[in-house]
Amino acid sequence: MLRAMLDALPRPLAYVLRHLALGVPLAAVISAFLSIAFNDDYARNLVYSLCIGLICQFAIDLGRRGAARLMGRSGWPGWPVTAVIIVLAVWLGINGGYALAGWLMDRPMPSPGRQDWRTLVIIVTISLVASIGFTLVGWGRARLAASDAQAQRAQRAAAENQLKLLESQLEPHMLFNTLANLRVLIALDPPRAQAMLDRLIAFLRATLNASRVGTHPLGAEFERLDDYLALMAVRMGPRLQVAFDLPPDLRVLPVPPLLLQPLVENSIQHGLEPQVEGGRIEVGARRDGDRLLLTVRDSGVGLSTTAAATPRGTGFGTHQVRERLAALYGPAATLVLHAAPGGGALATITIPLEPRT
């Protein structure tokens, strides 16, 4: 919870608070030890410990980051360089801390070099031990951050590979179904089969190129649907009626390629073709706050099936759509298939307007 609160703050403020969260308790413990051991004033020791400790902390952290950047490394310059930084930071912390504490309390103290050697040894030893401890904490955080970054990269790579696999499965599925329909039409109506083959070639030329990219504009998705439905219209004739509803301001929004085509194919295969008279397919898009709603509605037989049939929404196409949404957006995206008012089926995809990163 504390980490989440710090991450919500401006970076400079969060940076200072992280150092204070470590430095203040440590300074309190050191001050208590010095006060008991030397019967000295606790408040005075606390001010000096805080000034010395915080200067050491900031010097080590900034020196480590600067050295790592100069060496072209990510966050950690290595222990030999860090050891030199610790020594310099302790020297700077003791001298700077004495001056700062004396100024804050308006009680100037002799410089560290003028202290008796025993006091100086104690101050240097405590400062070195505390600085090494702080450095170990920073080293642990750096290793943890590197591990988290590596894990996130691995998760993104796994999600991308899964998405490519799903898309590679979806394209042949659509193609094989279309070729199966074409084979039937060749025997029944060769001229229409020829027209359908011409449409198929044009559709594949446009679709296969678009499907090789991660996303494309929603307008391009609707154009591919128009090509696909024109291909289906060659086979179904007047039994297939189509309507699109895409507001102009939504045309440029990025969506995964072939996202709606499996749902349209599902509507034709399970909704319209079982009806002698065919029916109507309506594809629409609208904005709902920070979400994009995509709908595919048909006036077919609805969701009821015979005992031997596969229930709508559990087939290959809808399964692939759900898997792709999960890989791209996680739980923020959904696909819901339900009965449409007035008959038929309605598939609704909800995705966030900004993809998950």
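## Cores and aromatic pairs in a predicted model

Trp-79 is partly exposed, because its relative accessible area is 36%, where buried means under 20%, exposed over 50% and partly exposed in between, with a 1.4 Å probe and protein chains only. This is a predicted model, in which local features need pLDDT of at least 70 and side-chain atom pairs count only at pLDDT 80 or more, while totals for chains, interfaces and linings use all residues. Residues are numbered from 1 along each chain as its sequence is written, and side-chain values use heavy atoms, with hydrogens and water left out.

### Aromatic pairs

A pair of aromatic rings is described by the distance of the centres and the angle of the planes. Rings of Phe, Tyr and Trp (its six-membered ring) pair if their centres lie within 6.5 Å, and planes under 30 degrees apart count as stacked, over 60 as edge-to-face and the rest as tilted.

| Pair | Centre to centre | Angle between planes | Type |
|---|---|---|---|
| Tyr-48 and Tyr-98 | 5.3 Å | 70° | edge-to-face |
| Trp-79 and Trp-139 | 6.1 Å | 55° | tilted |

Tyr-48 in helix 3 (residues 42-70) and Tyr-98 in helix 4 (residues 79-105) are 50 residues apart, and their pair links distant parts of the chain; helices (H or I, at least four residues) and strands (E, at least two) are DSSP runs, numbered from the N terminus. Both Tyr-48 and Tyr-98 are buried. The other pair also links distant parts of the chain, with Trp-79 in helix 4 and Trp-139 in helix 5, 60 residues apart. Trp-139 counts as partly exposed, because its relative accessibility is 30%.

### The nonpolar cores

A nonpolar core is a set of buried Ala, Val, Leu, Ile, Met, Phe, Trp, Tyr and Cys residues joined through side-chain atoms within 4.5 Å. The largest one has 42 residues, and those that touch the most other members include Leu-218, Val-264 and Ile-281. Among the elements that give two or more residues to this core are helix 5 (117-188), helix 7 (218-236) and strand 4 (279-288), and helix 7 gives the most, with nine residues. Apart from this core lies another, of 14 residues, among them Cys-51 and Tyr-98.

### Leu-231

Leu-231 lies in helix 7 and is buried, with a relative accessible area of 0%. Leaving aside neighbours within four places in sequence, Leu-231 is in contact (heavy atoms within 4.5 Å) with Thr-178, Met-196, Arg-199, Leu-200 and Phe-203. The C-alpha atoms of Leu-231 and Arg-199 are separated by 5.5 Å, although these residues stand 32 residues apart along the chain.
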